Amino acid sequence: MKAYTIHVTGIVQGIGFRPFVSKLAHELGIVGTVRNDTSGVEIHIQGVDADCQLFIERLQSELPMHGRIDTLQMEPTELQDLDDFTIILSQGVKGNAFIGADMAPCEACLKDIQDPENRRFHYGFTNCTNCGPRYTIIESTPYDRDTTSMKVFPMCEDCQKEYEDLEGRRYHAEPNACEQCGPMFTLRGADGTVFASGHEAIEQAKEHIQHGSVVAVKGVGGYHLVCDALQETAVQTLRQRKGRPRKPLAIMAGSLETAKQYVHISEKEEKLLLSPVRPIVLLQKIKTYNTNTMHLETCATSECDRVLKEMTDVNQKKHVSNQECRNACTQKAAMDVTSQIVPVAPSVAPGMATLGILLPYAPYHYSLVPSDALWVMTSANRSGDPVLYDDAQALEELQGIADYILTHNREIISPVDDSVVQVVHDKPIMIRRSRGYVPLSIPVVALEKRSTMLAMGADMKASFGMNRGSHAILSPYMGDMEHKRVQDLLWSTTKRYEELFQLQPTQVIVDAHPNYYTSQCGRAYAEEHNVPVIEVQHHHAHVAAVLAERNVTEPVLGICFDGTGYGTDGTLWGGEFLYCHKEYMERMAHLSYSPLPGGEVAVREPWRQALWYVNELYPSGSPTVIEQWKKTLPKGWELLEKMMPHMQMVQSSSGGRLFDTVASLLGLGHEHLYDAQLAIELEQLAFSEKGTILDMKLDGTVLDTMSLVRSVIEQLKDGESVAKISANFHRTLIYYIGQMAKQCCEERHISHIVLCGGVFQNRILLEGVMQELGEYTVHVPTQSPMNDGGIALGQLWLGSYMNR
C-alpha cells in the first residue's frame with residue numbers, strides 16, 4: 001500500500017472536479033480524501049501503487065470539460081486509517097484559487113427542465129457540476145455553497161440526497177436547488193406591485209412580451225430589457241425609453257432553427273452559438289425571404305405541390321395553409337423561399353447587414369422564450385452606465401422604462417454583460433469579453449515567475465488585468481470611463497479581484513495618455529500602496545496583447561488601426577506600422593496626419609475633419625456634390641470653416657477617424673449616436689459590392705489619406721453609388737496596408753505580422769488584409785478583444801519585460 005498527497009492548481013474549483021476525483025477513486029478502489037484549499041484542490045490517496053499511478057494518469061486525461069490543470073504536485077505521505085474516499089469541507093480561510101465562468105445548461109439539465117415527469121420541470125435555476133452559475137454567485141474561495149449567494153437557500157431533502165449521491169451529476173454541485181428550496185422568480189409592475197411568482201411569473205412575462213410590452217428580466221449577470229424583435233412598435237418604444245436611438249440591439253433566438261431563418265450561420269459560428277459560453281455572435285442577415293402568403297382554405301399536400309410548381313414570381317403571390325401544406329412547402333427549400341417568416345423589425349439594427357444573435361443560456365430562458373421567437377435582449381442600464389444588477393436600484397431606475405419586471409431572489413455578486421464575438425477568416429474575434437469567459441485566466445509564458453502586476457487598461461471598452469504568476473486574469477468589460485458609474489465599477493471590481501484571488505500587486509502599468517482616467521487611477525493606486533508605475537504606449541500594448549496570447553518572442557510588424565491613442569511624439573496615433581520585439585517598439589510607418597478641429601468634439605462629430613479635408617483639397621471652390629453635402633452640415637459650420645486656418649488643432653494619424661470622414665462625406669451621418677457608428681455603417685454598405693482599387697499615395701513611410709479622400713470625392717462627382725464607393729474605399733485601404741506592410745517586413749526581414757486595434761473589428765478590412773498578407777504568419781487576438789478591451793493583457797506582457 002502506498003499513500004500520496006496531491007496538490008492541483010488551475011481551474012479546478014466550481015467545475016465538478018472534486019466529484020470527478022471521488023468517482024475516479026471509487027472506481028479504482030482507492031481510499032482517501034479531496035477538498036478545495038486556498039489555491040486549488042488537495043487530494044490524499046491510498047492504495048496499490050499501480051492503481052495510484054493510474055489514478056494520476058486518468059486525473060489528467062479525463063479532466064471535466066470545463067477544467068484546466070496548471071500544476072500537479074505529488075508527494076509520498078504516511079498511511080492513514082481510512083476505509084473510503086470522501087469529499088471533506090474546505091479550510092475556513094479565504095483562498096486564491098482560479099474559479100470557473102458561468103456556463104449554459106448542459107444537455108442533461110435541459111432534459112430535466114423539459115420533462116413534465118421530472119421534479120425540475122420548468123425550474124429556472126436547474127444546474128449540476130457540469131453547468132450553471134459560477135463567477136456571478138461566488139463571494140470568495142474556496143468554492144463552497146456557503147461562500148456563494150446560494151448560502152441563503154438550504155437544500156431540501158431531495159436536493160441534499162442528490163448532493164451526496166456519488167453516482168449522480170449533482171454530487172457536490174454547490175448551487176444545487178429545486179423549486180422547493182431554491183431561488184424563484186417574481187413578476188412585478190413598474191411600481192413594484194407583485195403580480196405572480198414561480199413559473200406563473202415567467203408565463204405572465206412571456207404573455208406580456210408577446211403582446212408588445214417591454215419587460216425587464218433579471219438574468220445571470222444583470223438585468224435585460226426584453227421585447228418582441230418582430231414588433232416594430234415594441235422595439236421603438238424600448239429604444240425611446242432606454243435612450244438608445246440607433247445602436248444595434250442583441251436578439252435572443254428561441255432556437256438555432258429559428259436563428260437560421262434570419263441569418264447565415266457557418267459551422268464555426270454554430271459551434272460558438274451552442275458553446276457553454278453562449279455569446280452574442282454577429283451574423284450576416286439573409287438578404288431576402290418571402291414574407292407573402294397565399295391563403296388556401298383547404299389545401300392538401302398535392303395541391304400545395306401544384307401551386308408551388310405554378311408559381312413564377314414568389315414575391316408577388318402568397319401562400320399559407322394548414323400544417324400539412326406547410327410541411328410540404330418546407331420540403332421545397334430548393335426554391336430558396338422561406339414561408340411564414342415575419343421580418344425583423346427595422347429598428348432592431350438600422351443600417352446593418354448583420355444581426356447580433358444569442359441562444360438561451362440560462363434554464364429559465366427555455367421557459368420564457370418560445371422556440372420560434374426572436375426577442376430583443378439588451379442590457380437594461382441606461383446608455384453609458386454599467387450593467388444594472390442591484391435589485392433595489394433596478395426597481396427605482398426601470399420605472400418609466402419597463403412595463404413589468406421579472407426578477408428573482410438569487411443575489412448577483414459580480415455583474416457581467418453578455419460577451420460578443422464574430423468569426424472572421426474562421427477565427428473567433430472577440431469584441432466584448434465578459435459572461436462565460438470571465439474570470440478564466442489566459443496562460444502567458446512571459447509572466448512566469450513574475451510577481452503580481454495590475455494593468456489598468458484604457459478608458460474605452462475598459463477592462464483591467466492582474467496576473468498570478470504566468471496567468472493573466474482580465475476583468476469583465478465595464479464600459480467607458482467618461483461615466484461616473486463606470487469609474488466606480490472600476491474601483492470596486494479591482495478591489496474584488498484582489499480579495500477573490502488574494503492578489504496584491506507589486507507594480508502598476510498604465511497607458512501613457514496623461515488624461516486617461518484609468519491611468520490616473522493607476523497612479524493613485526500606486527501612490528497609496530507605495531509601488532512603482534510603468535507607462536506603456538497604447539498601440540504597443542495592442543500589439544503586445546496578441547504576442548501574449550500567441551507566445552511570440554521574435555520581432556513582429558504590428559499593424560494597429562484604432563480610434564486614437566497617445567503617441568510618443570505627443571500627437572494622436574491610430575494608423576500604425578510598428579516594429580516590436582519584446583519591450584522595444586519603433587514606429588516604421590503610419591497614416592498621414594490630419595487635424596481634429598475642436599479636439600474631442602471632432603471625434604464625436606466627424607463632419608469637422610471631413611470639412612478640413614474638403615477645404616485642403618478644394619481651396620478655390622468645392623465640386624457641386626460637396627456644396628450639396630455642406631448644406632446638410634449642422635448650424636455653425638461656416639464659422640468653423642473660417643476659423644480653421646487660424647486654429648491650433650491636435651494632429652491625428654487615426655484609421656478610425658479616416659473611416660468616419662469617408663462615412664460623413666458619403667452622407668451616412670455627421671455625428672456618432674454610439675461609438676464607431678459611422679465607421680460600422682460604412683462597412684455594412686460595402687458588403688453588397690465588390691471593390692476596386694482607387695488612387696492612394698504611398699509616400700515612403702506614410703500612407704497618404706488625402707489622396708484617398710480625393711479619390712472618394714471624385715467618385716461622388718462621377719455619380720458612383722455610395723455602396724460601391726464604400727467597397728472601393730475598403731479595397732484600396734486593404735491593398736495599400738498590404739503594400740506598406742510588405743515594405744516594412746522586407747526592410748527588417750520580418751515574417752510575423754500582428755493585426756490589432758478596434759478598426760480591425762471591421763470584417764471586410766480584417767479578412768482582406770489577412771488575405772493580402774497570406775505569405776506571412778499573421779496573428780490576430782482570439783482570447784482577448786481586438787479593441788481596447790485587450791489593452792490590459794498587452795500591458796501585463798510588456799510589464800513583464802520592463803521589470804527584468
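Predicted model: local features only at pLDDT ≥ 70, side-chain atom pairs only at ≥ 80, totals over all residues.
1. Which residues of α15 and α25 make the contact? On the α15 side they are H538, H540, A541, H542, A544, A545, L547, A548 and E549. On the α25 side they are I791, L793, G794, Q795, W797 and L798. By class, the α15 and α25 contact has nine nonpolar, five polar and one charged residues.

2. A second pair to look at is α23 with α24. Two packed helices are described by the angle between their axes and the distance between the axes. For α23 (residues 722-748) and α24 (residues 763-772), the axes come within 9 Å and cross at roughly 40 degrees. That angle makes α23 oblique to α24. The crossing of α23 and α24 is right-handed.

3. Now find the α23 and α24 contact in the structure. From α23, look for H730, R731, L733, I734, Y735, I737, G738, Q739 and K742. They meet I764, L765, G768, V769 and E772 in α24. The residues of this contact divide into seven nonpolar, four polar and three charged.

4. Next, the cysteines. A disulfide is a covalent bond between the sulfur atoms of two cysteines. How many disulfides does a search of the whole structure find? The search finds zero. Take C106: its nearest cysteine sulfur belongs to C128 and is 3.6 Å away. C106 is in no disulfide, because the cut-off for a sulfur pair is 2.5 Å. C106 is buried, with a relative accessible area of 15%.

5. C744 is in no disulfide either. The nearest cysteine sulfur to C744 is that of C745, at 6.9 Å. Is C744 buried or exposed? At 2% relative accessibility, C744 counts as buried, because the limit is under 20%.

6. T661 deserves a look. T661 sits in helix α20, residues 655-665. T661 is buried, with a relative accessible area of 0%. Leaving out residues up to four places away in sequence, T661 touches P606, Q609, A610, Y613 and V709.

7. Then check the backbone. Most residues other than glycine have a negative phi, and most peptide bonds are trans. The peptide bond from T141 to P142 is cis, with omega near 5 degrees. P142 is in the loop between α3 (107-114) and α4 (157-164). The peptide bond from V438 to P439 is also cis, with omega near 10 degrees. P439 lies in the loop between β16 (427-432) and β17 (442-443).

8. Where is Q502 found? Q502 is in the loop between α13 (484-500) and β21 (507-511). Phi of Q502 is near 50 degrees, a positive value in a residue other than glycine. Q502 counts as partly exposed, at 42% relative accessibility.

9. A676 also has a positive phi, about 65 degrees, although it is not a glycine. A676 is placed in the loop between α20 and α21 (677-686). Its relative accessible area is 29%, so A676 is partly exposed.

Key: Residues numbered from 1 in each chain as written. Heavy atoms only, no water. Axes fitted to C-alpha atoms, helices over the stretch in contact; angles between N-to-C directions. Helix = DSSP H or I, 4+ residues; strand = E, 2+ residues; numbered from the N terminus. Parallel < 35°, antiparallel > 145°, perpendicular 65-115°, else oblique. Left-handed = near helix turned anticlockwise from the far one by under 90°. Contact = heavy atoms within 4.5 Å. Nonpolar A, V, L, I, M, F, W, Y, C, P; charged D, E, K, R; others polar. Buried < 20%, exposed > 50% of the residue type's maximum accessible area, 1.4 Å probe, protein only.
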